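Dear colleague,

I am handing over the structure we spoke about, and below it you will find what came out of going through it. Please read the notes with the model open beside you.

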Amino acid sequence: MAEYALPLAMVGVLIAGIFSGYPVAFVLAGVGILFTFIGDVPLLFLNTVSSRIFTGTLTNWLMLAVPLFVFMGLMLEKSDIAKNLLLSLEKMFAQRPGGLALSVTIVGVVMAASTGIIGASVVMLGLMALPVMIKQNYSMSLAAGTICSAGTLGILIPPSIMLVLVGDILSISIGDLFMGAVIPGVVLGGLYAAYILVTTWLDPSKAPPAPKSEATPIGELIVTLAKHLVAPVLLILGVLGSIVAGVATPTEAAAIGALGATLLAAFMGQLTRKNLVECVQETALTSAMILSVAIGATVFSAIFKRVGGDYMIEDAVMAIASGPYQTLFLIMALIFVLGFFLEWIEISYVVLPLFAPIIAGLDFGLGNSGITLTWFAVLVAVNLQTSFLTPPFGYALFYLRGIAPPELSIGQIYRGIVPFVLIQIFGLMLCILFPSLVLWLPAALGN
């Protein structure tokens, strides 16, 4: 235990720094530099760290996809496509209990495949659907849980910023990751919808139908819905299709998506100077935040490994777990717990480089280590999606609370997300027990 005193101290100081409220990027870098001196690490080693930051992050061509995907999501959010789609679905399901909640979930799935920006998705769905849900006397908890869960699908369903960063950290194919996450993302959306249908069937008073109004012919509703689906579907095909077909790299596909979203906003009459400036500013802020954490995490991880942290983690995992699946369940449980307190960016950059070699060295009967790491990366993405919903620091909860009326309390929001977190854990278990849910599509399209 004595040989691991320094890495244990690093972890303790890091946790204390995070709970101090100081910016995480500075905490990560500061703890790393502090233990350079405490651990008697040669100062020349910091030259290696700076070189790793420059070549691994700042000049990484793949990282260009991050601001492009962020811009695409923000511009799509400004284009009113989601609003029109939600209104069409609302009319189609208006006369059944839970119709609006079901519409929100479907819009969440469609827009997740087009945007991938959690904050924008939750706020957009909250502003559009929550007032109507309250007016229709929906259960506050069900309304909050539906909006938060649907809004977080964007971090999993490709194109996803999380998958780009995780793929870069683990040095695996972004295209395979995108394809591997499609079925788990759709399955999660389907499980959300199934929960809403069962809940409202058992207790229709939790989500009453809309008041009867003049009926719109079903044919007209289908035509309107199809018209509003065209734009996001074309954008999804342009981005994912170009990657799958091998026509474009993920970075080039992100540029296609950014241009497509801008053209759609112009077509919808929403490409104003104000919207464009807001999108550029928010893209710069989000990208700077991600890169800052990446730089800080690189400093922390390099020093942590230098003082023996990677051996400490490996010995601890192997001492507790005896087989490959026990090891995997232990790692997933640890990542789930970390999601209560840390953002997915910090978990990805700090934890994944430590756990990836352990997983790559285990035999799950899936094939080579690249296939195993692709499966593991998607499992991590499904797991980290819960970090947006789990208190005390679930960001989706605070996004919704920030735009919600006073009658929706934070307690109701917390209660509302519990069933959806359980659903996500169930979905994660399905992906662990049935790896084909993740690996079938990359294998099929790869052939």
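**Ala143 and its surroundings**

Ala143 is in contact (heavy atoms within 4.5 Å) with Leu130, Met133 and Tyr138, leaving aside its neighbours within four places in sequence. This is a predicted model, in which local features need pLDDT of at least 70 and side-chain atom pairs count only at pLDDT 80 or more, while totals for chains, interfaces and linings use all residues. Residues are numbered from 1 along each chain as its sequence is written, and side-chain values use heavy atoms, with hydrogens and water left out.

Ala143 belongs to helix H8 (residues 140-152), where helices are DSSP runs of H or I with at least four residues, numbered from the N terminus. With a relative accessible area of 2%, Ala143 is buried, a word that stands for under 20% relative accessible area with a 1.4 Å probe and protein chains only. Ala143 and Ala207 are 64 residues apart in sequence, and their C-alpha atoms are 8.4 Å apart in space.

**Two residues of helix H19**

Gln412 lies in helix H19 (residues 410-433) and is buried, at a relative accessible area of 18%. Apart from neighbours within four places in sequence, Gln412 is in contact with Met140, Ser141 and Glu407. Ile423 is also placed in helix H19 and is buried, its relative accessible area being 12%. Once neighbours within four places in sequence are left aside, the contacts of Ile423 are Leu188, Leu191, Tyr192 and Tyr195.

**Helices H16 and H17**

H16 and helix H17 (residues 369-385) pack at an angle of about 145°, and their axes are 11 Å apart; the axes are lines fitted to C-alpha atoms over the stretch in contact, and angles run from 0 to 180 degrees between N-to-C directions. Among the residues that make this contact are Trp344, Phe355 and Ile359 of H16 and Leu373 and Phe376 of H17.

**The largest pocket**

The largest pocket holds about 650 Å³ of space, the volume being that filled by probe spheres set on grid points joined across faces, edges and corners. A pocket here is an open set of points, on a 1 Å grid over the protein atoms alone, where a 1.4 Å probe fits, with protein on both sides within 12 Å along at least five of seven lines, and lining residues have an atom within 4 Å of a point. Its lining has 30 residues, of which Val11, Ile313, Leu334, Leu338 and Val351 lie nearest the centre.

With kind regards

Note on methods. Buried means under 20% relative accessible area, exposed over 50%, partly exposed in between (1.4 Å probe, protein chains only).
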